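Student: I would like to go through this structure by asking what each label rests on. Please set the value against the cut-off each time.

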Amino acid sequence: MSIFDIVGPVMVGPSSSHTAGAVRIGLIARKLLGEDVKSAEILLYGSFLATGKGHGTQKALVAGLLGMKPDDYNIPDSLEIAKEKNVSITFGEANLRDAHPNTAELILTGINGRKLDVTGESLGGSRINISKIDGIETNFSGENPTLIVHNLDQPGHVSEVTSMLAHKSVNIASMQLYRSNRGGNAVMVVECDQGVPEDGIKWLEHVEGVIKVTYLGLL
């Protein structure tokens, strides 16, 4: 047991799940997008939808999208800051079934036109799980450097990714493979012990059959 387990996260309250966890969901979504956010449609589910406004969940998610961390004292002013930065924010209800009660779907467009759809769950104690990326199920916490490769479901892509990481001396902590259907779109989620060099990521982006590469460095 660590001191974190006893004391809890350093954060701006009132709730680790509704506030600190929500900030982390927004921050990880921003990092996965890979550029500043131009617009965000934020869809809430369960407790996030029912009580999130009173707990500051909306402000927390937006704060994360703006690059704030859970201990940032500007979190309560995030909606005003987003408006000043001309970041378009809308809220709605997520169309989900049997999801975790603290779930948000973030539909993002970046300043350079990049798009990303991220669904995140706040598990308590500021711990989160990214459960979907662009509609495909995933399962990672964002606590390790994480490489996400969107590709066509074809032979060879796993070996290309693992060979690149080996060449860059990056050790794989875990690898998860997901696909929408056989021969359709697939996602590789690779959690690593070390950061992935930018030139390796750029190389992957040009591999035939790779649709998109997103990378999450340490927060």
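**Labels and their grounds**

Tutor: Helix α4 is followed by Gly67, whose phi is positive, near 100°. The model is a predicted one.

Student: What makes α4 (residues 57-65) a mostly covered helix?

Tutor: The count does: eight of the nine residues of α4 are buried. They are Thr57, Gln58, Ala60, Leu61, Val62, Ala63, Gly64 and Leu65. To be called buried, a residue needs a relative accessible area under 20%.

Student: Why is Ile28 called buried?

Tutor: Ile28 has a relative accessible area of 0%. The cut-off is under 20%, so Ile28 counts as buried. Ile28 lies in helix α2 (residues 16-33). Its C-alpha atom is separated by 8.0 Å from that of Leu65, 37 residues apart along the chain.

Student: How do you know that Asp98 is exposed?

Tutor: The relative accessible area of Asp98 is 80%. Exposed requires over 50%, so Asp98 falls in that class. Asp98 is found in the loop between β2 and β3 (102-110). Between the C-alpha atoms of Asp98 and Glu121, 23 residues apart along the chain, the separation is 12 Å.

Student: What is the phi of Asn86, and where is Asn86 found?

Tutor: Asn86 has a phi near 60°, a positive value in a residue other than glycine. The residue is found in the loop between α5 (78-84) and β2 (88-93). Asn86 has 67% relative accessibility, and the limit is over 50%, so Asn86 counts as exposed.

Student: What is the phi of Ser169?

Tutor: Ser169 also has a phi near 60°, again positive in a residue other than glycine. Ser169 is found in the loop between α6 and β8. Its relative accessible area is 60%, over the 50% limit, so Ser169 is exposed. The C-alpha atoms of Ser169 and Leu33, 136 residues apart along the chain, are separated by 25 Å.

Student: Which residues of α6 (residues 157-167) are buried?

Tutor: The buried residues in helix α6 are His157, Val161, Met164 and Leu165. They cover an arc of only 95° around the axis, so they sit on the same side of α6.

Student: Which exposed residues does the face of α6 turned away from its buried side carry?

Tutor: That face of α6 carries Ala166 and His167.

Student: What covers the buried residues of α6?

Tutor: The cover includes β7 (146-152), β8 (172-179) and β9 (185-192). It also includes α7 (198-205) and β10 (210-216).

Student: What makes the pair α6 and α7 roughly antiparallel?

Tutor: α6 and α7 pack at an angle of about 160°, with their axes 10 Å apart. Angles over 145 degrees count as roughly antiparallel, so the label applies to α6 and α7.

Student: Is the crossing of α6 and α7 left-handed or right-handed?

Tutor: The crossing of α6 and α7 is right-handed. From α6, the contact is made by Glu160, Val161 and Met164. From α7, it is made by Gly200, Trp203 and Leu204.

Student: How do the residues of the contact of α6 with α7 divide?

Tutor: They divide into four nonpolar, one polar and one charged. Val, Met, Trp and Leu count as nonpolar, Glu as charged and Gly as polar.

Key: Residues are numbered from 1 along each chain as its sequence is written. This is a predicted model: local features need pLDDT of at least 70, side-chain atom pairs count only at pLDDT 80 or more; totals for chains, interfaces and linings use all residues. Side-chain values use heavy atoms; hydrogens and water are left out. Buried means under 20% relative accessible area, exposed over 50%, partly exposed in between (1.4 Å probe, protein chains only). Helices (H or I, at least four residues) and strands (E, at least two) are DSSP runs, numbered from the N terminus. The arc is that of the directions from the helix axis to the C-beta atoms. Contact means heavy atoms within 4.5 Å. Axes are lines fitted to C-alpha atoms, for helices over the stretch in contact, and angles run from 0 to 180 degrees between N-to-C directions. Angles under 35 degrees count as roughly parallel, over 145 as roughly antiparallel, 65 to 115 as roughly perpendicular and the rest as oblique. A crossing is left-handed if the near helix is turned anticlockwise from the far one by less than a right angle, and right-handed if clockwise.
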